[in-house]
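Here is a short note for a colleague opening this entry. Please read the points with the structure in view.

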Amino acid sequence: MTTTQRLPEGQELPFNVFAKACPSRGTLEHVTGRWGALTLGALHEGSLRFNELRRRVDGVSEKMLSQTLHALERDGLVHREAQPTNPPRVDYELTPLGREVAERLLSLIHYVEGSMEAVLQARERYDETRGAR
């Protein structure tokens, strides 16, 4: 199945993340950026409030988490549920599309975590031969 995008003239063009103007490139950036990948991975565990999510994604600033959540929500990967309470309660959870993306990301994350001994050895060899920078 070929996935295409509609152009204003009614023509169709296949989505191609390698093409500068393709909208899939922006979504790929949102998903694979440091905070996007970690946010999706954290939300795979279940619904979280903003501060719970911020604690789970260690090191993310409030501003960056907010921007990341807005981008992921716009892309249809995250659902934001605001409760009319005092103080307001806002929960974030993955949409079905977001869950599918997160599962694929988690496979990569787990692979990287499991390969870190080899990565650290490679870094050490590199630094020895090229000099630490």
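1. A definition comes first. A helix here is a DSSP run of H or I with at least four residues, and helices are numbered from the N terminus. Leu-108 is found in helix α5. Please keep in mind that this is a predicted model.

2. Now the overall fold. The protein chain has six helices and five strands. Along the sequence, the order is β-β-α-α-β-α-α-β-β-α-α.

3. Next, burial and surface. The protein chain has 133 residues, and buried residues make up 25% of them. The accessible surface of the chain comes to about 9800 Å². Carbon and sulfur atoms hold 52% of that surface.

4. Contacts along the chain deserve a line. Take those between residues at least 6 apart in sequence: 39% of them join residues at least 24 apart.

5. Which residues of α5 are buried? They are Gly-98, Ala-102, Leu-105 and Leu-106. Seen down the axis of α5, the buried residues fall within an arc of 120°, so they line one face of the helix. An α-helix has 3.6 residues a turn, so residues three or four places apart point the same way.

6. What covers the buried residues of α5? The cover includes two helices, α1 (23-32) and α2 (34-43). Strand β5 (89-94) is also included.

7. Turn to the other side of α5. Pro-96, Arg-104, Leu-108, Tyr-111 and Gly-114 are exposed there. Exposed means over 50% relative accessible area. Leu-108 has 51%, and therefore counts as exposed.

8. Leu-108 also belongs to a surface patch. Leu-108, Tyr-111 and Val-112 form this nonpolar patch. Together the three have about 330 Å² of accessible area.

9. Finally, consider Gly-26. Its place is in helix α1. Is Gly-26 buried, partly exposed or exposed? Gly-26 is partly exposed, with a relative accessible area of 25%. The reason lies in the cut-offs: buried means under 20%, exposed means over 50%, and partly exposed is in between.

10. How far apart are Gly-26 and Asp-75 in sequence and in space? In sequence, 49 residues separate Gly-26 and Asp-75. In space, Gly-26 and Asp-75 are 9.3 Å apart, C-alpha to C-alpha.

Methods: Residues are numbered from 1 along each chain as its sequence is written. This is a predicted model: local features need pLDDT of at least 70, side-chain atom pairs count only at pLDDT 80 or more; totals for chains, interfaces and linings use all residues. Side-chain values use heavy atoms; hydrogens and water are left out. Buried means under 20% relative accessible area, exposed over 50%, partly exposed in between (1.4 Å probe, protein chains only). Contact means heavy atoms within 4.5 Å. Accessible areas come from the Shrake-Rupley method with a 1.4 Å probe; for residues, only the protein chains shown count as cover. The arc is that of the directions from the helix axis to the C-beta atoms. Patches are made of residues with over 30% relative accessible area and no salt bridge: like charges are joined within 9 Å, nonpolar side chains (Val, Leu, Ile, Met, Phe, Trp, Tyr) within 5 Å. A salt bridge is a side-chain nitrogen of Lys or Arg within 4 Å of a carboxyl oxygen of Asp or Glu.
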